[in-house]
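Subject: Structure handover

Hello,

Please find the structure below. My notes come after it.

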Amino acid sequence: MTSITQHHAEQKVRSWGFSTVYTWTDGPNAHYHPHSHDGLTTHLILSGDFTVCYPEDALGKMETFGPGARIDVPAGKVHEVWMGKEGCTYVIGE
């Protein structure tokens, strides 16, 4: 998916039924402390690495995703996120 344009990626996320869609870039090793959102969110990775953990789950397993991956986070699900050493650019759908 490294060759997909930002515009095309945003159109793709809209086609999944998300009305609020935007592209976001985080710098190297950015971190988001445990939090949740009121509604379902999706993340379509354009470049870099995106690691997510669900700390309230029994195993608290961490998973890392790269370009082309789609990560859906259910409404109300507590999650924590780290970006890779080169940062990460992704399209968010809310």
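First, the ground rules. This is a predicted model, where local features need pLDDT of at least 70, side-chain atom pairs count only at pLDDT 80 or more, and totals for chains, interfaces and linings use all residues. Residues are numbered from 1 along each chain as its sequence is written, and side-chain values use heavy atoms, with hydrogens and water left out.

**Cores**

A nonpolar core here is a set of buried Ala, Val, Leu, Ile, Met, Phe, Trp, Tyr and Cys residues joined through side-chain atoms within 4.5 Å. Buried means under 20% relative accessible area, exposed over 50%, and partly exposed in between (1.4 Å probe, protein chains only). Helices (H or I, at least four residues) and strands (E, at least two) are DSSP runs, numbered from the N terminus.

The largest nonpolar core has 13 residues. Ile45, Phe50, Val52, Ile71, Met83, Cys88 and Tyr90 have the most contacts inside it. Two or more residues each come from β3 (41-53), β5 (70-73) and β6 (79-93). β6 gives the most, with five residues. As background, nonpolar side chains in soluble globular proteins tend to be buried together.

Contact means heavy atoms within 4.5 Å. Not counting residues up to four places away in sequence, Met83 touches Asp26, Gly27, Asn29, Ala30, Tyr32, Asp49, Phe50, Cys88 and Tyr90.

**Helix α1 and what follows it**

Which residues of α1 (residues 6-15) are buried? They are Ala9, Glu10 and Val13. These residues cover an arc of only 100 degrees around the axis, so they sit on the same side of α1. (The arc is that of the directions from the helix axis to the C-beta atoms.) His7 and Ser15 are exposed on the other side of α1. The buried residues of α1 pack against β1, β3 and β6.

Gly17 follows α1 and has a positive phi, near 100 degrees. Gly17 sits in the loop between α1 and β1. Gly17 is exposed, with a relative accessible area of 63%. Its C-alpha atom is 8.5 Å from that of Gly93, 76 residues apart along the chain.

Asn29 also deserves a look. Asn29 is not a glycine, yet has a positive phi of about 60 degrees. Most residues other than glycine have a negative phi. Asn29 is in the loop between β1 and β2, and counts as exposed at 52% relative accessibility.

**Buried strand residues**

The contacts below leave aside neighbours within four places in sequence.

- Val21 lies in β1 and is buried, with a relative accessible area of 12%. Val21 is in contact with Glu10, Val13, Arg14, Val91, Ile92 and Gly93.
- Thr41 lies in β3 and counts as buried at 3% relative accessibility. Thr41 touches Phe18, Ile71, Asp72, Val73, Gly93 and Glu94.
- His43 lies in β3 and counts as buried at 8% relative accessibility. His43 is in contact with Phe50, Ala69, Arg70, Ile71, Val73, Tyr90, Val91 and Ile92.
- Leu46 is found in β3 and counts as buried at 12% relative accessibility. Leu46 touches Ile4, Gln6, Ala9, Thr23, Pro67, Thr89, Tyr90 and Val91.

**Largest pocket**

On a 1 Å grid over the protein atoms alone, a pocket is an open set of points where a 1.4 Å probe fits, with protein on both sides within 12 Å along at least five of seven lines; lining residues have an atom within 4 Å of a point. Grid points are joined across faces, edges and corners, and a volume is the space filled by probe spheres set on the points.

The largest pocket holds about 200 Å³ of space. Of its 14 lining residues, His35, His37, His43, Tyr90 and Ile92 are the closest to its centre. β1 (21-26), β2 (31-35), β3 and β6 each supply at least two residues of the lining. The largest share, five residues, comes from β6. The lining divides into eight nonpolar, five polar and one charged. Here Ala, Val, Leu, Ile, Met, Phe, Trp, Tyr, Cys and Pro count as nonpolar, Asp, Glu, Lys and Arg as charged, and the others, Gly among them, as polar.

Best wishes
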